[in-house]
Amino acid sequence: AQYGWWFAPTYLGGICIFLFAHQFQLKMLKLVKAQNLTSIADLIGSRYGKSPLLAASVALICLLALIPYISLQLRAVAASFAAITGMGPAVAPWFLDLAAAVGLAMIGFSILFGARRLSLAEQHPGLMDAVAFESVVKLAAFCIVGVFVTWQLFDGINDLIIKSAADDTARSLFQPKENGVYIYVTHMLLGALAMFVLPRQFQVNFIENTDPEELKKARWAFPLYLFAINFFILPIAMGGMLIAPDLRTQDTFLLALPLLADRPDISLIAFIGGLSTATSMVIMATLALSIMISNDVITPLWIRARRSGNLMSDLTPRVILLTRRLTMVVIIVLAYVYHKLTQGGLPLVSNGLIAMALLAQLAPSMLGGLLWIRANLTGALSGL
């Protein structure tokens with residue numbers, strides 16, 4: 001509704017990777033399992049002589065990139081809760097900060113699912129079950145809202161298209177934008193690279209994977225899922241532009257349509273779908289980040305300090321687990337601070353694109369280390 005059809009190529013890029021770069025995905029999976037790698041930083045560092053400096057640089061870049069991404073989820077849940085309850089900043093008591101409450105809940109979930117015990121393979125089957133369930137909830141919620149807008153508020157997709165074509169505001173959805181091809185190709189490239197460089201995507205694709213068959217099933221299941229969850233985006237956008245064009249710049253656009261139609265039950269379904277989405281995204285991103293920061297930044301510094309005689313305590317499993325949990329707390333606190341500093345600024349989708357563009361910087365060193373025999377540490381560090 002706000003930017004036109006530019007979200008679509010991001011998903012199309014991801015679909016193309018699963019359909020046409022499947023053998024490369026399997027090759028990367030084989031490498032990750034053979035060397036027992038646990039993160040993107042681990043993978044890139046291992047390709048350049050197991051360089052701790054390079055691995056730490058990658059981990060810190062991921063931290064910088066994902067803070068806006070996690071902040072986006074905190075803001076989305078807080079804004080959704082405020083919209084559905086009417087308890088916005090002007091109504092809520094001063095001591096009740098919705099984003100802070102969401103952040104505390106996310107810290108609890110992240111520790112419960114991702115840092116309850118140590119695993120050398122960094123696999124979390126219980127968490128993967130939770131993410132799978134969340135994915136079904138999200139898809140069902142989005143489809144219910146889509147069906148409601150398409151066939152309850154209007155008389156089907158044909159009716160929506162005819163009315164949108166006759167309405168100046170809604171018709172703007174279909175008008176070509178300036179530099180359209182450039183924007184489309186750029187977003188498609190970002191979506192394709194995200195399948196490798198987005199830490200939560202890498203965690204699910206390669207670290208949590210227990211068998212190559214899982215990736216073979218994902219080759220057709222993941223594109224189908226992306227198609228299904230995108231199916232109703234255009235009908236909902238058209239419906240919203242016809243009913244409430246003034247709301248198109250608001251992040252709670254989807255929740256507002258059922259509320260305007262006096263259907264709080266549909267809005268509640270949309271809120272539950274959004275909450276489950278944000279929860280799994282925050283947990284997976286925080287888990288992947290905490291593994292990188294604790295393994296590739298904190299642990300090497302700890303070992304170096306011990307060698308110089310500055311530390312007395314051993315790096316026991318209990319200390320490592322505590323470090324992981326504290327790292328998770330710091331990550332979400334930083335995301336909350338970012339949210340407070342940018343509250344009146346960028347819309348949610350912009351934060352997501354910033355994260356993807358920042359993480360795309362990892363692609364040359366990652367793919368170069370795998371595909372180019374002359375790739376070297378100096379080049380990788382210079383590129384980053």
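The model is a predicted one.

**View 1. Helix α5 and what its buried residues pack against.**
With the cut-off above in hand, here is who counts as buried in α5: Leu98, Ala99, Val102, Gly103, Met106, Ile107, Ser110 and Gly114. Those buried residues pack against three helices, namely α4, α14 and α15. End to end, the 17 residues of α5 reach 24 Å from first C-alpha to last, close to the 24 Å expected at 1.5 Å a residue.

**View 2. Helix α15, residues 317-341.**
This helix runs for 25 residues. Its first and last C-alpha atoms are 36 Å apart, close to the 36 Å you'd expect at 1.5 Å a residue. Which residues of α15 are buried? They are Leu321, Thr323, Arg324, Thr327, Met328, Ile331, Ile332, Ala335 and His339. As a group, the buried residues of α15 pack against α4 (52-85), α5 (98-114) and α14.

**View 3. Where α14 crosses α15.**
The two helix axes come within 8 Å and cross at roughly 125°. That angle is why α14 counts as oblique to α15. The crossing itself is right-handed. On the α14 side, the residues making the contact include Val282, Leu289, Ile293, Ser294, Ile298 and Trp302. On the α15 side you'll find, among them, Val319, Thr323, Arg324, Met328 and Ile332. Thr323, Arg324 and Met328 are also on the buried list for α15.

**View 4. Zooming in on Thr299 of α14.**
Thr299 belongs to helix α14, which covers residues 264-307. What lies 2.5 Å from a polar atom of the Thr299 side chain? That's the backbone oxygen of Ser294. Set aside the neighbours within four places in sequence, and Thr299 is in contact with Ser294 and Leu315. Ser294 also turned up in the previous view, as part of the α14 contact with α15.

**View 5. Helix α1, residues 8-20.**
The buried residues in α1 are Ala8, Pro9, Thr10, Gly13, Gly14, Ile15, Ile17 and Phe18.

Conventions
Residues are numbered from 1 along each chain as its sequence is written. This is a predicted model: local features need pLDDT of at least 70, side-chain atom pairs count only at pLDDT 80 or more; totals for chains, interfaces and linings use all residues. Side-chain values use heavy atoms; hydrogens and water are left out. Helices (H or I, at least four residues) and strands (E, at least two) are DSSP runs, numbered from the N terminus. A polar contact is a pair of N or O atoms within 3.5 Å; within protein, one must be able to donate a hydrogen and the other to accept it, and residues adjacent in sequence count only if both atoms are side-chain atoms. Contact means heavy atoms within 4.5 Å. The expected span of a helix is 1.5 Å times one less than its number of residues. Buried means under 20% relative accessible area, exposed over 50%, partly exposed in between (1.4 Å probe, protein chains only). Axes are lines fitted to C-alpha atoms, for helices over the stretch in contact, and angles run from 0 to 180 degrees between N-to-C directions. Angles under 35 degrees count as roughly parallel, over 145 as roughly antiparallel, 65 to 115 as roughly perpendicular and the rest as oblique. A crossing is left-handed if the near helix is turned anticlockwise from the far one by less than a right angle, and right-handed if clockwise.
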